Amino acid sequence: MRLALQTLRAQKLKSGFSLLGVFIGVASLIGAWSIVNGVNRYMTEKFAQTLYGVNTFQLRRRPMFTPNVPDSVWRAWQRRPRIRFSDAEAISAGLTVPVITAWQSSDRVSVSYSSKEARDIDLNAASERYFDIKNLKIAIGRPFTSEENRSGAPVVVLGDAVAKRLFVDRSPLGRNVRIGGVPYRVIGVVERQGSILGFPLDRFVVVPALSPAQNLVNPPGILDAFLIKAHSDPEMREAMSQAEGIMRSRRHLRPKQDNNFVLDTSEGVQQFWAGISRILVIVLPGVVLVSLVIGGIVIMNIMLMAVAERTREIGLRKSLGARRRDVLSQFLAESTAIATVGASFGIIAGILLTIAINTLSPLPASVSPASIFLGVVMGAGVGVVAGVYPASRAARLDPITALRQE
Amino acid sequence: MSTVQLFRTGDTPLPDVIILTHKLTREYDMGSELVRALRGVSVQIRRNEYVAVMGPSGSGKSTLMNLVGCLDTPTSGEYWLNGQKVSDLADDELARIRNKEIGFVFQTFNLLPRADALHNVELPLIYAGLSARNRRAKAAQALERVGLADRMDHKPNELSGGQRQRVAIARALVNEPSILLADEPTGNLDSTTSGEIMAVFAELHHQGQTVVMVTHEQDIAAHAARVVTLRDGIVATDQARAA
């Protein structure tokens, strides 16, 4: 092993080239794995939480997050009865678990102020606890109160992007914006939330659920979603089963009939993401494999050259009593050393790459310890595999011919 | 010279006969042509003899050298080294014999250029499986024997030709082999340095080392006590010299 490292030092340039192959392979492995890993954690910890809230479920006609749904399923969803105010009230009254709840109806609207207009804004007609459930922090002003909610006061809390668009750097508080032709008085602005995987999170407004805009979104008495937040996951599960029972009895469903509503949690999104990341985890190694194979071929070439160049040395070693397996293991150790050193640099580069991705791009990334381990193993493995053929050639050399070689 | 055992196939050499070849032949199949490099060489060399093998190029002396050095196996005939019949041993066993019984000295020294003198001398001991501490001690001792105690940490390119060959001799001696086998040991050296190397050989012989040396130079062969001359793959002359 010491011998192998000496050779490595002595033949810097050539070793450098072969290092590069493994280096790129391992660096890309760790880099790519880190992205998947990071996005994974991001999806489960932040994305889902932002979309749904912690320990929160939503009573809906159909799931909020619906990738790849066939038309037939979609049509079935459309035929389901909608969620009514009275459903929400019945659940609120019936739950024995302590929860906070909010009504929500959503649509895309334009919001204007004098001559300025913000298009494609998410209008949320919601009740006052919506801010708590969604963990929306008020930057300036205040959220609306339950009295304002109940009386349907025309007041609005703006998302950061909407406030910036309509008011630039003036204070929007007390101004009247128009939503669907109805004037709403701005009472607050929510803290900037930034974006998630490139989607802006600040293009929304929140108005009281019973305010005039409700009529823009849904027919009277109809909700899109009833949000229920519990204190803990087990309590949420309990609340879900209670809510399910209440809804089933309200809808007179027989035991064999499926729910014609959903109790939606962030699990759906997480499952969807898990699917994507599974694909990535399958595809990624392919990419990595290609670069490792290339690295292996380079190493094999270098080792073949080394064997050719050091034929005399091999002959000498054999004449001094080196057996085949001594020569074999020497050259294997050399190629493994090259590959392992390459892999080590690759790991360092992969980690640096991860840090760079984290700071320079919106993609979250975090290094997985398993990828480092795998990087080392694969590096060494490539070294062994690529070294076997050259090393066995070296081991088979005839000492007489080898010694005579110039 | 004392009497020589008349060796027949099936016999075992006398205990003090360190090298015995019996009707040794070596043929090379060069495609269309069969080259008979050795055509029945029978030689016996006793412990502590100093023998020079001579002969013009093509006489078969290199082939004999390779067979005696266990680098090659004969087409037919027997070769006994230090009481063991080695002519029909397999590859790895031959490697072990080379390691234990034979010390090679080459014309071109064949030192590892990137390793210092001590490490070069250690090399056979690595394959003998000695511990690092033991190796270093024995290698240092061998270098002292050839007068290079102060050059242990020098790389070959920091040594003169004569010094390099002495490193090679130390390497050949380090495993205390039965025979020191030198192939044109002075071929790459000037005459003064050649003299020094011959003096080293003489001293080793004096200490009891068996030395076999292949050379085509008459005055180098003159240092040996016995000269075997090959011609066309057979022993032409075999004569002892007056010391």
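R98(B) lies in helix 2 (residues 91-101) of chain B, where helices (H or I, at least four residues) and strands (E, at least two) are DSSP runs numbered from the N terminus. The model is predicted, so that local features need pLDDT of at least 70 and side-chain atom pairs count only at pLDDT 80 or more, while totals for chains, interfaces and linings use all residues. Residues are numbered from 1 along each chain as its sequence is written, and chains are lettered from A and ligands numbered from 1 in the order in which they are written.

R98(B) is buried because 27 other C-beta atoms lie within 10 Å; a residue is classed as buried if 20 or more other C-beta atoms, placed from the backbone, lie within 10 Å of its own, as exposed if 12 or fewer do, and as partly exposed in between. The C-alpha atoms of R98(B) and C70(B) are 6.3 Å apart, although 28 residues separate the two in sequence. Once neighbours within four places in sequence are set aside, R98(B) is in contact with G69(B) and C70(B) as well as with S319(A), L320(A) and G321(A) of the other chain, contact being defined by C-beta atoms, placed from the backbone, that lie within 7 Å.

The contact between the chains takes 15 residues from chain A and 17 residues from chain B. On the side of chain A that touches chain B, at least two residues each are supplied by helix 1 (2-10), helix 11 (311-319), helix 12 (324-360) and helix 14 (399-404). Helix 11 of chain A gives the most, with 5 residues. This side of chain A divides into 6 nonpolar, 3 polar and 6 charged residues, with Ala, Val, Leu, Ile, Met, Phe, Trp, Tyr, Cys and Pro counted as nonpolar, Asp, Glu, Lys and Arg as charged, and the others, Gly among them, as polar.

In chain B, 4 strands form an open, antiparallel sheet in the order 2-1-4-5, two strands being paired if DSSP finds at least two bridges between them. Strand 2 (33-46) and strand 5 (84-85) of chain B each have a single partner strand and stand at the edges, so one side of each is left without a neighbour in the sheet. Strand 1 (residues 17-30) of chain B pairs with strand 2 of chain B in the antiparallel sense over 11 bridges; I19(B) has I45(B) in strand 2 as its bridge partner.

Chain A contains 14 helices and 14 strands, and buried residues account for 42% of its 406 residues. Of the contacts in chain A between residues at least 6 apart in sequence, 83% join residues at least 24 apart. The axes of helix 12 and helix 13 (residues 369-396) of chain A come within 7 Å and cross at roughly 150°. The two helices are therefore roughly antiparallel to each other. Their contact comprises 20 nonpolar, 11 polar and 1 charged residues.

Strand 8 (residues 182-190) of chain A runs antiparallel to strand 5 (residues 138-141) of chain A, with 3 bridges, and V189(A) is the bridge partner of I140(A). Strand 6 (residues 155-158) of chain A is parallel to strand 8 of chain A, with 4 bridges, and V156(A) is partnered by V186(A). Strand 7 (residues 176-179) of chain A pairs with strand 8 of chain A in the antiparallel sense over 4 bridges. These two strands form a hairpin with 2 residues between them, and G180(A) in the turn has a positive phi of about 60°.

Conventions:
Two residues are in contact if their C-beta atoms, placed from the backbone, lie within 7 Å. Axes are lines fitted to C-alpha atoms, for helices over the stretch in contact, and angles run from 0 to 180 degrees between N-to-C directions. Angles under 35 degrees count as roughly parallel, over 145 as roughly antiparallel, 65 to 115 as roughly perpendicular and the rest as oblique.
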